[in-house]
Amino acid sequence: MKIGISSYSYQKYRLASGCSYSALCHMAKDTGFDTMEFIGLEGDLLAEADEIKETCEQIGLEVSAYTVGADFLTGDPADTVKNLYQAIEVARRLGAPLVRHDVGYRLPEGMDWQDAIRQIADPIRQVADYAADRGIRTCTENHGFVFQDSERMKFLMETVDHVNYGWLVDIGNFLCVDEDPEMAVAKAVPYAVHVHAKDFLYRKAEQISPDGFFRSRGGNLLLGTVVGHGVVNVLRCVKTLYDGGYNGVLSLEFEGMEENLPAVQAGYHYLRAVQEAITGVKVGK
């Protein structure tokens with residue numbers, strides 16, 4: 001199992017400092033991360049991808065994934081497919097073996113989630129086919145309230161039913177739809193191709209919302225925090241995945257209010273401890 005980080009975890013620091021993605025690569029490597037995934041590239045995407053790849057090759061940091069948004073439920077799905085083809089070309093230039101894309105953010109009026117999945121399954125397969133021809137795998141994360149529940153994601157995986165398409169399992173995001181992460185992760189194991197380690201602080205719905213918190217689908221209060229500091233039982237979730245045969249990347253995703261760089265550092269050390277507890281092997285710094 002490799003310990004990685006999403007560039008999104010450095011979002012607060014990047015926006016405040018104006019540092020480049022290449023600089024973030026050096027920071028991640030110095031911390032001890034094995035891999036890095038990228039989200040939010042801007043401007044000349046291919047040039048940015050080339051620069052990141054060169055940096056990662058020079059310092060020995062693997063590129064694990066490229067993340068983009070996508071919505072097959074709004075507008076023309078053919079346009080979404082075309083945009084994802086372009087994202088796959090960016091991923092090729094990055095050297096990323098995996099592209100994570102969303103599938104939709106809001107159900108059309110009068111449509112239930114099962115029918116929505118049946119409607120979008122074919123264009124998802126088209127993207128998976130295109131990526132497979134280029135040696136890249138595609139996946140969707142439990143993310144965005146509509147397709148965040150484990151049962152909905154399981155139905156999505158089984159309906160698309162494509163060997164090159166899988167599930168990016170975010171162990172924290174299940175709380176956004178009021179699911180127990182441990183139980184939800186158990187359903188995700190057969191489809192897992194990448195994992196986000198995310199954690200949240202939690203308050204019950206009847207409480208007044210403190211600054212920074214948001215409400216789950218059921219009205220409960222959540223706030224991103226340092227991995228290991230919140231209510232998600234990261235060790236049990238990761239062990240469930242590992243025992244089920246997952247031995248890929250465990251990628252840190254931090255989106256809390258804490259000071260950015262110390263939060264990433266603390267999350268890294270926690271995930272290394274989780275890795276050691278599960279595998280019995282001490283790795284990294």
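I take buried as under 20% relative accessible area, exposed as over 50%, and partly exposed as in between (1.4 Å probe, protein chains only).

I'm working on a predicted model, where local features need pLDDT of at least 70 and side-chain atom pairs count only at pLDDT 80 or more, while totals for chains, interfaces and linings use all residues. Residues are numbered from 1 along each chain as its sequence is written, and side-chain values use heavy atoms, leaving out hydrogens and water.

Salt bridges next. My cut-off is a side-chain nitrogen of Lys or Arg within 4 Å of a carboxyl oxygen of Asp or Glu. With that rule I get 19 salt bridges.

I looked up Arg93 and found it paired with Asp50, closest N and O atoms 2.7 Å apart. That one joins distant parts of the chain, 43 residues apart: Arg93 sits in helix 4 (residues 77-94) and Asp50 in helix 3 (residues 45-59). For helices I use DSSP runs (H or I, at least four residues), numbered from the N terminus. Arg93 is partly exposed at 35%, and Asp50 is too, at 32%.

Then I checked Arg118, which meets Asp115 in a salt bridge at 2.8 Å, N to O. Both lie in helix 5 (residues 113-132), 3 residues or about one helical turn apart. I have Asp115 down as partly exposed, at 38% relative accessible area, and Arg118 likewise, at 48%.

Glu151 bridges to Lys187, with 3.1 Å between the closest N and O atoms. This pair also links distant parts of the chain, helix 6 (residues 150-160) to helix 7 (residues 181-188), 36 residues apart. Glu151 comes out partly exposed at 43%, as does Lys187 at 30%.

Last entry: I find Asp170, Lys198, Glu253 and Glu255 linked in a salt-bridge network.

Notes. Helix = DSSP H or I, 4+ residues; strand = E, 2+ residues; numbered from the N terminus.
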